[in-house]
Amino acid sequence: AIARVNEIADGKGKAFEVNEKRIAVFKVDGKFHAIDDACPHAGASLAEGYVEGGNVGCPWHYAEFELMTGKHRHAPASCGVEVYPVTIEDRQIKVEVA
């Protein structure tokens, strides 16, 4: 477990180290999503970005990524980010990172 469910506010994200990877976990409409934290364009923390319409926007240059698929939606990023399975057990957030 990396956090308790009440540690992430709805519409926000938070970064965690999981198996030597930096992962951003977001809560949107009560559901949790986990993606790579680093924007592939310039390395900004996506956990610090804005969440809107099921997407997260990079706080530096406004590239956007779908939280469900990791697909990039807007430049300047030219590729997506990895998505990780999230489970909730006993109000604990667990992220599966290979």
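**Nonpolar cores and strand pairing**

The largest nonpolar core of this predicted model comprises 16 residues, and those with the most contacts inside it are Phe-26, Ile-35, Leu-46 and Phe-65. A nonpolar core is a set of buried Ala, Val, Leu, Ile, Met, Phe, Trp, Tyr and Cys residues joined through side-chain atoms within 4.5 Å, where buried denotes under 20% relative accessible area, exposed over 50%, and partly exposed in between (1.4 Å probe, protein chains only). Strand E3 gives the most to this core, with three residues. A second, separate core of 13 residues includes Ile-23, Val-25, Ile-93 and Val-95. Beyond its neighbours within four places in sequence, Leu-46 is in contact (heavy atoms within 4.5 Å) with residues including Phe-26, Ile-35, Val-56, Phe-65 and Val-81.

Strands are DSSP runs (E, at least two residues; helices are H or I, at least four), numbered from the N terminus, and two strands pair if DSSP finds at least two bridges between them. Strand E3 (residues 21-28) runs antiparallel to strand E2 (residues 12-18), to which seven bridges join it. Within this pairing, Arg-22 in E3 is the bridge partner of Glu-17. Two residues separate E2 and E3 in their hairpin, and Asn-19 in the turn has a positive phi of about 50 degrees.

E3 also pairs with strand E4 (residues 31-36), in the antiparallel sense, over six bridges. Here Phe-26 stands opposite His-33 in E4. The hairpin of E3 and E4 likewise has two residues between the strands, and Asp-29 adopts a positive phi near 50 degrees.

Residues are numbered from 1 along each chain as its sequence is written, and side-chain values use heavy atoms, with hydrogens and water left out. As the model is predicted, local features need pLDDT of at least 70 and side-chain atom pairs count only at pLDDT 80 or more, whereas totals for chains, interfaces and linings use all residues.
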